[in-house]
2 protein chains.
Amino acid sequence: MTSTIPLAEYLFRRLGQLGVGSIHGVPGDYNLTLLDYVEPSGLLWVGNANELNAAYAADGYSRIKGLGALVTTFGVGELSAINAIAGAYTERAPVVHIVGIPARESHDSRLLIHHTFNDGEYKRFAQMHAHVTVAQTRLWDPRTSPQQIDDVLRQCLRHSRPVYLEFPVDLVSAPVDEKRLELPLEGVHEISLNPELDNVLAKILSKIYNAKQPIILVDGEIRPMGVVDIAQKLVEATNWPTWASAFGKGLLDETVPNFHGIYQGRFDNPEVQTFVKEADLILCLGPHFSSTNTFAYTSIPRAEVTISFTDTQVDLGNDLYRDIPAKQILTRLIEDLDASKLQSVGPYPNLPHEYKVSFSEVASDQPLSQDKLWRILANFVRPGDIVLGETGTAGYGVREMPLPKHTRLFTPVTWLSIGYMLPGAQGAALAQRELSESSNYFGIENARTILFIGDGSFQMTAQELATIIHHNLNVVVVLLNNDGYTIERCIHGRNQKYNGVTPWRYLEAPSFFGAPKDAYTSRATTWGELNEIMNDDRVKDGKGLRMIELMVDREDAPKGPLLHLLEVQKARDKGVSAVNGK
Amino acid sequence: MTSTIPLAEYLFRRLGQLGVGSIHGVPGDYNLTLLDYVEPSGLLWVGNANELNAAYAADGYSRIKGLGALVTTFGVGELSAINAIAGAYTERAPVVHIVGIPARESHDSRLLIHHTFNDGEYKRFAQMHAHVTVAQTRLWDPRTSPQQIDDVLRQCLRHSRPVYLEFPVDLVSAPVDEKRLELPLEGVHEISLNPELDNVLAKILSKIYNAKQPIILVDGEIRPMGVVDIAQKLVEATNWPTWASAFGKGLLDETVPNFHGIYQGRFDNPEVQTFVKEADLILCLGPHFSSTNTFAYTSIPRAEVTISFTDTQVDLGNDLYRDIPAKQILTRLIEDLDASKLQSVGPYPNLPHEYKVSFSEVASDQPLSQDKLWRILANFVRPGDIVLGETGTAGYGVREMPLPKHTRLFTPVTWLSIGYMLPGAQGAALAQRELSESSNYFGIENARTILFIGDGSFQMTAQELATIIHHNLNVVVVLLNNDGYTIERCIHGRNQKYNGVTPWRYLEAPSFFGAPKDAYTSRATTWGELNEIMNDDRVKDGKGLRMIELMVDREDAPKGPLLHLLEVQKARDKGVSAVNGK
């Protein structure tokens, strides 16, 4: 006899099999019965304050756990979330967007039901989502629904991009075959798609063995491509000088001696720029060449010496080979690589490393300044922590931080939607806790999620602090109060009123959002005050939400593109191109 | 010699000509130079906390002033706002969504600039907006740009629906002919489009003169159709029994003796239902027959006795005449109507009116309950006030309130996106202040905007309180604390955890969001406490933000659809159809 389960349970158990432990989202009147199945299926219901935040959080969660999911309601809910889904698409976060939609009968009869445009047209929202998701499906016939669910999940995982799933309210408890849950979602073997694979591999190995000044550039798409471990092995096996992009930073063990931080293109030290320019081979892993991730395109390696590995092709300068996924060829490469055949070209070059600054190097009564702030804050980070730097000065600042093993970093990459990082921190912290509880977290206990965020960004999505509080997530929020959108001031309008924000009493946030009245908060204006805070056990080893406000100058920014733009503006004292980073 | 002005100034001065006094929005790196022209063009820059809120606020503003506008930035900003634009489309709020986009060169070269999908495709956002706006344009050639601006503004006004305008950052200061600003946007004469107009008018007058039990139903599209004044005249000239829909309530003078509140379909008094069913003529002005606005379709008048007036056609039961806008035919109708020819059919029928409840009718030590709450709160409302009831129990509650002259009401109509009303209140209050300052506000001083909102909705967009505070808007926020999404509990899952929200310390909001430390806040649990608050001069006649928290039971709702659903659920103690209002 065939054992059946409700379709909703099928979906949630499938997600559970794939490592999803929590469902983000907001209840709404077309998803309520669907939500009845979340916790009985063994998943946690997060319950965010709004849908944009829920989707941001699911994105943050997915980047840590490999898959995230949220549930919204038809029309109003899903459209509120769509900007975050677009961000997940852009930066390749695998998020399943499940939308509870009206009963099929309502669609068929073009009922003028609420949450529609009052014109009987029910399909616009799906059409809008088609622009920002890699696959879409509308469950309609229970005979094919489990297959449709599997198909979109497979696409989500394969492309590491969001998918869109419409779930009619009258199908929630439709019976489906339970046995199907035993079928694995993907075949175990990756077949070789391109007959030239061996040939290409041989070419690459030949270039590797002949290189005299080779380097490795690690970009952020190694995460969605699933080659983080292989990249790590390659960096260690070659011992070649290695740099990351902002997107790639935090994915590898950055404590190895041949790791040199982020390659900053024309903003980097001249000797580094020269070394990179003179390289005769650059292995570029997971390139993602957006303006922000490439220091306005100046860190993009020269094509003629570069081999770049993406998830669909390998590019050897002028030879482009399609249908050779990075995972396939890098797996073979690391197996076949014979380190003894690498050129020995004298001692390891003298290249700068990332470094921290200690409090002994600053005067304790002096105000905080971003030239040293980030390298001082780096002392606070411990193995296992997740560090997030929101778009703005914080996002540039965290790029300077040397990171211990097993840390992860979120920085502005391409989408740059301010407001992302606070809910993103909620999702990341929840994923971190789940990993930690499954004793799958490198044996690390009390790992923390540390969010660095400007005041303007904080205002966008501040209410998600309540979710962090409610689930007692281990989050340290470091708010940079610089009186508005300093990143925009760098770009244009440094004295314009519109770059200001309304002044809040930020440290009242934990209490307002429901934290215990004794939740830790403090403010630092000077290095001495910051020192005290960073060494306070309640901050370092506490639990739950802690919040710190750092007072920084409204025209201060970390060294690099932002400060450069600001200085250009100050010099001219009038407009520059409004295009960031150009 | 031709005098030129920058294209950005052209846009903002055009908006100013059309009554827009303030621009909502959020700065972003493709709109900064555009924002440089807002205040020099004589407009106020609002500066919202995020884009969704900005668009909600522009919607609220537009419903009071007749046109609203917001500026967002490419990708991240505009997509954050899109759910609110969809709501404006659905409920016909004329909002101009201006998006600052990258320089044209970036599009042409498919530059992988930030805020794109990192794939060179720049047009997806416009395609998404095409689903939720009535006209779209991308400024590209300064020779046609002023014309394009005029065209979309015309569409916005004509259809009272949002339009979408992309403004490349490199066109901001492009010179255009200033003289064009002197051309009026619309022709002064409305031509008659349908040769049958006179014939149709005669038919309608004949039906009017022959009606023995006629009534008038006023729906909310009389606002976008621009026939509020004519509707008022018709109600007064005929003295026929008149009801509003939820969408229509607050548009007319409801103190006239022949106004009987909202017609509630099957939830109304039996005698009212009978009277409406027996009517031999129903003039239905501006119909908008969504589920929520029609008590699940039960208040829709019988087609065979109804003449309905929309902005494109007149429907006389089986005779449908296209291209006869309501404004055209109703203008003629009110001119030609000879009240002496109306049937005299005895004394005015005995039909119930809306009524208030006084504090003498409740025990001061008893807890607040929604059966009487709204009729008691009605005592607080004064001429000129704007009352908003957010989707949830508040949205149903405000439907019961008798309203003084010159008040306006916002209730859930069709889009029902929770979180709308708080930013909506910001926009409405700002529009109210502008009207009031232009001494165009019926001679009323100190008019207030009063927002009734549940805790769950409040959490969605709470940060917009900061904007209300910053601009010192005259807003009274009445928060109903019922421990979560009671409207959802009515529909399904009355004891489910997912319908809860995180517990906040709501009355700390004004301080957190930057109000003076002595900003008025208070909480009422009993009728006595509420009485004291409602009679406190600081609440009644104060300025700026005042905030009141009302503690109500989590399973309490106003009489009507919600309470009905809740009672059905309690009776069955398990799920009902998750479709609201069915």
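In which loop of chain B is B:His115 found? The structure is a predicted model, in which local features need pLDDT of at least 70 and side-chain atom pairs count only at pLDDT 80 or more, whereas totals for chains, interfaces and linings use all residues. Residues are numbered from 1 along each chain as its sequence is written, and chains are lettered from A in the order in which they are written.

B:His115 lies in the loop between α5 (104-108) and α6 of chain B, helices being DSSP runs of H or I with at least four residues and strands runs of E with at least two, numbered from the N terminus. The phi angle of B:His115 is near 70°, a positive value in a residue other than glycine. B:His115 is buried, with 30 other C-beta atoms within 10 Å (buried denotes 20 or more other C-beta atoms within 10 Å of the residue's own, with C-beta atoms placed from the backbone). A positive phi, near 50°, is also found at B:Ser160, a residue other than glycine, which is located in the loop between α7 (145-159) and β7 (163-168) of chain B. B:Ser160 is buried, with 25 other C-beta atoms within 10 Å.

The contact between the chains takes 75 residues from chain B and 75 residues from chain A, where contact requires C-beta atoms, placed from the backbone, to lie within 7 Å. On the side of chain B that touches chain A, the elements giving two or more residues include α2 (32-35), α4 (76-91) and α6 (124-130) of chain B, and the largest share, 8 residues, comes from α4(B).

Notes. Contact = placed C-beta atoms within 7 Å. Buried ≥ 20, exposed ≤ 12 C-beta atoms within 10 Å, placed from the backbone.
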